Structures are given as C-alpha cells and as structure tokens.
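This briefing is intended to be read alongside the sequence and the coordinates. Its points are grouped by topic.

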Amino acid sequence: MTDDASVADEPDTQALDDLLDDIFRAQERVTQAEIYRRAVAAELPPDLLARIDALPEGEYAVDEASDLLGGSIG
C-alpha cells in the first residue's frame, strides 16, 4: 500500500490558492460577493463555489478567507 490514497482524499486547494492570490494581489480586504464573482469567472469547481457561497457576507483578508475556505495561503 502507498500513501497515494491519503493524497487523493485531500481536496485540491491549488485552484483556490491561485484565485485568492490573484484577488488579494492589489487589495488587503475583499468582500464575499467579490470572491464568489471571481470564482465563478475563473470556473472553479462546484464544491469550491459552494464553500465560497457559504461564507458570511462581509470583508475578508487573505488569511481569513483562506482559513475559512480550506486553502493553504496565510
């Protein structure tokens, strides 16, 4: 048996990390609505869109958004 199964069970956060990196490149805080709009435009998978849609309305710093969404930026 190999460790490949445990890696396959982990969500792929690269698309989320790339999106957050792009969104927060020029801004310190971004609204949930803007994150969701940009995620839809970037054609993120439905499971990631659902996580973003579930965020409470408000503004987020990159580390807050990443923590809440399961990304690895912070």
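With which residue does Asp-21 form a salt bridge? The partner is Arg-25, and the closest N and O atoms of the pair are 3.3 Å apart. The model discussed here is predicted. Its mean pLDDT is 85, and 82% of the residues reach 70 or more.

**Salt bridges**

- The structure holds 7 salt bridges.
- Arg-38 and Asp-22 form a salt bridge in which the closest N and O atoms are 2.7 Å apart. This pair links distant parts of the chain, since Arg-38 belongs to helix H3 and Asp-22 to helix H2, 16 residues apart.
- Arg-38 is partly exposed, with a relative accessible area of 21%; Asp-22 is also partly exposed, with a value of 37%.
- A network of salt bridges links Asp-21, Asp-22, Arg-25, Glu-34, Arg-37 and Arg-38.
- Glu-59 and Arg-29 meet through their side chains in a salt bridge with an N to O distance of 3.9 Å. Here too distant parts of the chain are linked: Glu-59 is in strand E2 and Arg-29 in strand E1, 30 residues apart.
- Glu-59 counts as partly exposed because its relative accessibility is 47%, between the limits of 20% and 50%. Arg-29 is likewise partly exposed, at 38%.

**Nonpolar core**

- The largest nonpolar core has 16 residues, and those with the most contacts inside it are Phe-24, Ile-35, Leu-44 and Ile-52.
- At least two residues of this core come from each of helix H2 (14–23), H3, H4 and helix H5 (62–69). The largest share, 4 residues, is supplied by H2.
- In soluble globular proteins, nonpolar side chains tend to be buried together.
- Beyond its neighbours within four places in sequence, Phe-24 is in contact with Arg-29, Val-30, Ile-35, Tyr-60, Ala-61, Val-62 and Ala-65.

**Val-30 in strand E1**

- Val-30 lies in strand E1, which covers residues 29–31. Val-30 counts as buried because its relative accessibility is 2%, under the 20% limit.
- Residues up to four places away in sequence aside, Val-30 touches Ile-23, Phe-24, Ile-35, Gly-58, Glu-59 and Tyr-60.
- Gly-58 is 28 residues from Val-30 in sequence, and their C-alpha atoms are 8.2 Å apart.

- Gln-32 lies in helix H3, which spans residues 32–41. Is Gln-32 buried or exposed? Its relative accessibility is 9%, and Gln-32 therefore counts as buried.
- A polar atom of the Gln-32 side chain lies 3.1 Å from the backbone oxygen of Ile-52.
- Apart from neighbours within four places in sequence, the contacts of Gln-32 are Ile-52, Asp-53, Leu-55, Pro-56, Glu-57, Gly-58 and Tyr-60.
- Pro-56, one of these contacts, is located in the loop between helix H4 (46–53) and strand E2 (59–61). Pro-56 is exposed, with a relative accessible area of 53%.
- The C-alpha atoms of Pro-56 and Thr-31 are separated by 9.7 Å, with the two residues 25 apart along the chain.

Definitions and conventions:
Residues numbered from 1 in each chain as written. Predicted model: local features only at pLDDT ≥ 70, side-chain atom pairs only at ≥ 80, totals over all residues. Heavy atoms only, no water. Buried < 20%, exposed > 50% of the residue type's maximum accessible area, 1.4 Å probe, protein only. Polar contact = N/O pair within 3.5 Å; in protein donor to acceptor, adjacent residues only side chain to side chain. Contact = heavy atoms within 4.5 Å. Core = buried A, V, L, I, M, F, W, Y, C linked by side-chain atoms within 4.5 Å. pLDDT = per-residue confidence, 0-100. Salt bridge = Lys/Arg side-chain N within 4 Å of Asp/Glu carboxyl O.
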